[in-house]
Amino acid sequence: MRLRAHAKINRSLSVLGVRPDGYHELRTVFQSLALHDSLEFQCVRQGFAIECRAAGVPCDERNLVWKAARLVWQEAGRRGEPVGRVRLTKRIPTQGGLGGGSADGAAALVGWNRVWETGLSLDALSRLAVRLGADVPFFLVGGTALGRDRGDALEALDDLPPRHVVLVFPAFGVSTPEAFRWWDEDNSAFGDRPSAFGDITEEPRPEARGPRLEAPGGDQNDLEAPVSRRHPELAEIRRELARAGAEHAAMTGSGSTMFGLFQEHARAVSAAETLRGQGWFVLVTGTATRQESALA
Ligand code: C5P
């Protein structure tokens, strides 16, 4: 049984403050991309294995595909360790804010539930997804969706109009905790300390930057400024994407990948060529609707 695990971008991302559990309270609009990994699940008699040839992807218990297998196995009341084999074909570059590992984890929840005939409901799988990571529940919804709380309380939105997407990968990476720490540093340095939890259970503070909830097509990523301050290359990529005709350019998630949205394919392709010519690694893909990115 094969499943496609689609990448995402954060079309917008507002950081509203810090929660008591140390996570950040978010409002983010996720958007699925056509770019995807593939997972092929097999039932075997004994043992558990992940086959993956991509450099830097762990094939052991650190992989979310493995963690997902354990969660489904245990939730279904089975004893001992899970039994199965999965071949993982990676196309989504890792650790760039495209949610590749999380997408694979979500696909694994759905895939194992099906091949083992464990019969867990989508609700049950969503609860397991939250345990895998804050980004994971989105991939069970797909398309365009609003994420609240840690980004893990999902509300499906109508699909946004399709766009061609140019992804630009700077040479440096940013870890997710690092990006949030930089946001903390920058927001306390100016006397605007991250709010106490009491403030952020309410609607966004008036001064909160970023898109308003009723305007999910808003286009700010609050993590971009802190990352850009430390890596000015991002601002340069944003300028180049705009110059090449992107109707919108921003960082996705905690970075460091930047994306540009284009209405015309030819323009996206020529923007990609220009940016490649300047030395960046670039991919061209498109947005994917909920139906196109569906796991079930
Ligand atoms: O949940 P996940 O493992 O993807 O999160 C990785 C890290 O990113 C967390 O340990 C936390 O430091 C940071 N994070 C955060 N607020 C969020 C999501 C992630 O601070 N809403």
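Please keep in mind that the model is predicted: local features need pLDDT of at least 70 and side-chain atom pairs count only at pLDDT 80 or more, while totals for chains, interfaces and linings use all residues. Residues are numbered from 1 along each chain as its sequence is written, and side-chain values use heavy atoms, with hydrogens and water left out.

Let us start with the chain as a whole. Its secondary structure comes to 10 helices and 10 strands; helices (H or I, at least four residues) and strands (E, at least two) are DSSP runs numbered from the N terminus. Of the 296 residues in the chain, 52% are buried, meaning under 20% relative accessible area with a 1.4 Å probe and protein chains only (exposed is over 50%, partly exposed in between). Among contacts with a separation of 6 or more, 73% join residues 24 or more positions apart, where contact means heavy atoms within 4.5 Å.

Now turn to the open sheet of 4 strands, whose order is 8-9-7-10 with antiparallel pairing. Two strands count as paired if DSSP finds at least two bridges between them. Strand 8 (248–251) and strand 10 (281–286) each have a single partner strand, so one side of each is left without a neighbour in the sheet. From one strand to the next, the twist averages 20 degrees; axes are lines fitted to C-alpha atoms, for helices over the stretch in contact, and angles run from 0 to 180 degrees between N-to-C directions. Strand 7 (residues 164–169) and strand 10 are joined by 6 bridges in the antiparallel sense, and Phe169 stands opposite Phe281 in strand 10. Helix 9 (residues 265–277) packs on this sheet, where it touches strand 7, strand 9 and strand 10, and its direction makes about 170 degrees with that of strand 10. Helix 8 (residues 233–243) lies across strand 7, strand 8 and strand 9 (258–262), at about 10 degrees to strand 9.

The loop between strand 8 and strand 9 holds Thr252. This residue counts as buried because its relative accessibility is 0%. Beyond its neighbours within four places in sequence, Thr252 has contacts that include Lys8, Asn10, Gly97, Asn221 and Phe259.

Elsewhere, strand 5 (residues 144–148) pairs with strand 6 (residues 153–157) in the antiparallel sense over 5 bridges. Ala145 has Ala156 as its bridge partner in strand 6. In this hairpin, with 4 residues between the strands, Asp149 takes a positive phi near 60 degrees.

On a 1 Å grid over the protein atoms alone, a cavity is a set of points where a 1.4 Å probe fits but cannot get out, and a pocket is an open set with protein on both sides within 12 Å along at least five of seven lines; lining residues have an atom within 4 Å of a point. The largest pocket is lined by 43 residues, with Gly99, Ser102, Asp135, Thr176 and Ser254 nearest its centre. Strand 1 (2–18), strand 2 (24–42), helix 2 (100–115) and helix 5 (176–189) each give two or more residues to that lining. As for the largest cavity, strand 1 supplies the largest share of its lining, 4 residues. Among the residues lining this cavity are Arg4, His6, Phe138 and Leu295.
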